[in-house]
Amino acid sequence: MTIATEPDNWSHLKALSLSQLADFLLDLAGRVNLKSFLKQPRSPKKKKPPLIVDSRHRHLSTARLLDQARQSP
């Protein structure tokens with residue numbers, strides 16, 4: 001806790017008993033706004049394009065698809 005604040009701010013906690021210190025820390029934790037620590041929400045998944053299905057040629061190789069893409073601008 002000395003990283004977050006100066007040691008003088010925490011010196012009064014030395015006088016507390018263990019149960020009092022636990023109650024104090026639980027009270028502090030209860031006041032924290034957890035939504036401020038959330039990461040950026042993820043965007044919805046993108047839909048995949050429909051598969052190209054030819055009844056006569058079910059399998060399409062990647063090389064064939066790339067060749068077709070190069071030939072038709």
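Asp-27 is partly exposed in this predicted model, with a relative accessible area of 39%. Its side chain meets that of Arg-31 in a salt bridge, at 2.4 Å from N to O. Arg-31, for its part, is exposed, and its relative accessible area is 60%.

Asp-67 counts as partly exposed, at 38% relative accessibility, while Arg-70 counts as exposed, at 62%. The count of salt bridges comes to 2.

I now move to the chain as a whole. Which elements does the chain contain, and in what order do they run from the N terminus? There are 3 helices and 0 strands, and the order is α-α-α. The radius of gyration is 31 Å, whereas the globule rule gives 11 Å for 73 residues, so the chain is more spread out than a compact globule. Along the principal axes, the C-alpha atoms fill a box of roughly 85 × 25 × 15 Å.

Let us consider the surface next. Buried residues account for 1% of the 73 residues. The chain exposes about 7,800 Å², and 59% of that area is supplied by carbon and sulfur atoms.

Definitions and conventions. Residues numbered from 1 in each chain as written. Predicted model: local features only at pLDDT ≥ 70, side-chain atom pairs only at ≥ 80, totals over all residues. Heavy atoms only, no water. Helix = DSSP H or I, 4+ residues; strand = E, 2+ residues; numbered from the N terminus. Rg over C-alpha atoms; globule rule 2.2 N^0.38 Å. Buried < 20%, exposed > 50% of the residue type's maximum accessible area, 1.4 Å probe, protein only. Areas by Shrake-Rupley, 256 points an atom, 1.4 Å probe, with all protein chains shown as cover. Salt bridge = Lys/Arg side-chain N within 4 Å of Asp/Glu carboxyl O.
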